[in-house]
Every structure is written in C-alpha cells, then in structure tokens.
Amino acid sequence: MPERSWCKGVDDALTAITRYLVVKRLAGDTITILAVKEYLVDGLSPSTIGHKYRISKFRVRGYVQRVMDKARNHMIAASIVKRVFPYIMNIDPVILRVSGKYLCLICNQQLRPEQIEHHIRRKHKDVVQDIVTQIVTNVRRHYRQG
Ligand SMILES: [Zn+2]
C-alpha cells in the first residue's frame with residue numbers, strides 16, 4: 001500500500017533526523033541544531049543564519065543537507081524538525097568545555113573536538129538510543145493521529 005510505505009518513510013526519517021540532532025545536542029553543538037531549525041522551520045536564509053552564528057552559509061547548507069538527505073522531502077524534513085526541536089533543546093549536553101579541553105561527563109574521558117561526536121555515537125550508544133526512542137515515541141503519536 002503506498003500510504004503505508006509513505007508512513008514508513010516518514011517514520012524512518014523521524015528516527016534518523018532525531019538521532020542526528022540528539023548527537024549534536026549531547027555534543028554541545030547547539031549551533032547546528034539552531035541553524036537547521038531556523039532554515040527549515042523559520043525560513044531564514046543561509047546567509048542570515050551564517051551571519052548570526054559566525055559560520056559560512058555553505059556550512060549552514062551542509063547541515064541542512066544532512067537533514068534533508070534523511071527525509072528526501074523539504075516539507076517532511078521541516079515538519080519533523082519543528083516537532084522534535086523542543087525535545088532536543090531539553091536534553092542536557094554531556095560534553096563540558098574546561099579550559100580549552102573537552103570532558104565527557106558520562107565517562108570522564110578527555111576528548112579532542114574532532115573526537116566528540118564519534119565518542120558519543122560509539123561509547124554512549126545506549127544513552128543516544130534511549131533519548132531517540134523517547135522523543136520518537138512522543139512525536140510519532142502526532143503523525144499517527146493524522
Ligand atoms: Zn564518554
């Protein structure tokens with residue numbers, strides 16, 4: 001049934017986008033989340049967003065592209081980001097910056113900036129999965145009602 005496969009597509013996109021944003025938030029990379037949300041949900045231009053957060057508009061486009069790749073549809077991506085955004089922002093980051101160094105608050109390991117996301121995805125897979133499941137369960141209810 002095409003309708004069912006559409007729902008499955010939305011569901012897969014919901015999980016993938018949520019996981020992407022959860023890892024960013026746990027890593028303390030909130031700018032990426034705000035950039036994606038302000039582009040897809042608020043309709044700001046990449047150059048406006050880039051100027052605001054002092055990153056290039058190409059970088060903003062790159063972040064948005066990563067999210068779009070998971071939904072393959074602008075409206076679905078926008079609708080998912082809009083609904084998961086408040087939950088994402090409620091998560092406490094687990095990376096603490098102490099005098100130029102980064103500390104993982106879950107396992108106390110010191111990390112270099114380029115290690116952070118990989119560390120969270122690999123070493124704290126369960127933490128990520130728990131949060132993703134919680135958010136997806138809450139947000140899914142909305143889509144099932146329609
Ligand atoms: Zn850790």
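This is a predicted model: local features need pLDDT of at least 70, side-chain atom pairs count only at pLDDT 80 or more; totals for chains, interfaces and linings use all residues.
"Meet" here has a cut-off: two residues are in contact if their C-beta atoms, placed from the backbone, lie within 7 Å.

Residues are numbered from 1 along each chain as its sequence is written.

Now show all of H4 (residues 57-71) and H5 (residues 74-89). Their axes come within 8 Å and cross at roughly 110°. That makes H4 roughly perpendicular to H5. Helices (H or I, at least four residues) and strands (E, at least two) are DSSP runs, numbered from the N terminus. The axes are lines fitted to C-alpha atoms, for helices over the stretch in contact, and angles run from 0 to 180 degrees between N-to-C directions. Angles under 35 degrees count as roughly parallel, over 145 as roughly antiparallel, 65 to 115 as roughly perpendicular and the rest as oblique.

Next, bring in helix H2 (residues 30-40). H2 and H4 pack at an angle of about 80°, with their axes 9 Å apart. That makes H2 roughly perpendicular to H4. To see the contact, select Thr32, Ala35, Val36, Tyr39 and Leu40 in H2, which meet Val60, Tyr63, Val64 and Val67 in H4. Here the residues divide into eight nonpolar, one polar and no charged.

Is H2 mostly covered or mostly open? Mostly covered: eight of its 11 residues are buried. Colour them in: Thr32, Ile33, Ala35, Val36, Lys37, Glu38, Tyr39 and Leu40. A residue is buried if 20 or more other C-beta atoms lie within 10 Å of its own, exposed if 12 or fewer, and partly exposed in between, with C-beta atoms placed from the backbone.

**Into the core**

Time to look inside. Which residues have the most contacts inside the largest nonpolar core? Select Ile17, Val36, Val64, Val67, Ala77, Ile80 and Val81, in a core of 31 residues. A nonpolar core is a set of buried Ala, Val, Leu, Ile, Met, Phe, Trp, Tyr and Cys residues joined through C-beta atoms within 7 Å. The elements giving two or more residues to this core are helix H1 (2-26), H2, H4, H5 and helix H7 (125-145). H1 gives the largest share, eight residues. In soluble globular proteins, nonpolar side chains tend to be buried together.

Zoom in on Ala77. Leaving out residues up to four places away in sequence, Ala77 touches Ile17, Leu40, Val67, Met68 and Ala71.

Then hop to Thr18, in helix H1. Thr18 is buried because 25 other C-beta atoms lie within 10 Å. Select Val84, Val132, Ile135 and Val136 to see what Thr18 touches, again not counting residues up to four places away in sequence.

For contrast, click Ser47 in helix H3 (residues 46-53). Ser47 is partly exposed, with 13 other C-beta atoms within 10 Å. Stretch a distance line from Ser47 to Asp12: they are 35 residues apart in sequence and 30 Å apart in space, C-alpha to C-alpha.

**Last stop: the sheet**

Switch to the strands. Three of them form an open sheet in the order E1-E2-E3, with antiparallel pairing. Two strands pair if DSSP finds at least two bridges between them. The edge strands are E1 (95-98) and E3 (110-111), and each pairs on one side only.

Four bridges join E1 to E2. Pick out Ile95, whose bridge partner in E2 is Cys104, and Val98, whose partner there is Lys101. The hairpin of E1 and E2 has two residues between the strands, and in it Ser99 takes a positive phi near 35°.

Tyr102 stands opposite Leu111, and Leu103 stands opposite Gln110. Finish at Asn108, which takes a positive phi near 65° in the hairpin of E2 and E3, with five residues between the strands.

Methods:
Ala, Val, Leu, Ile, Met, Phe, Trp, Tyr, Cys and Pro count as nonpolar, Asp, Glu, Lys and Arg as charged, and the others, Gly among them, as polar.
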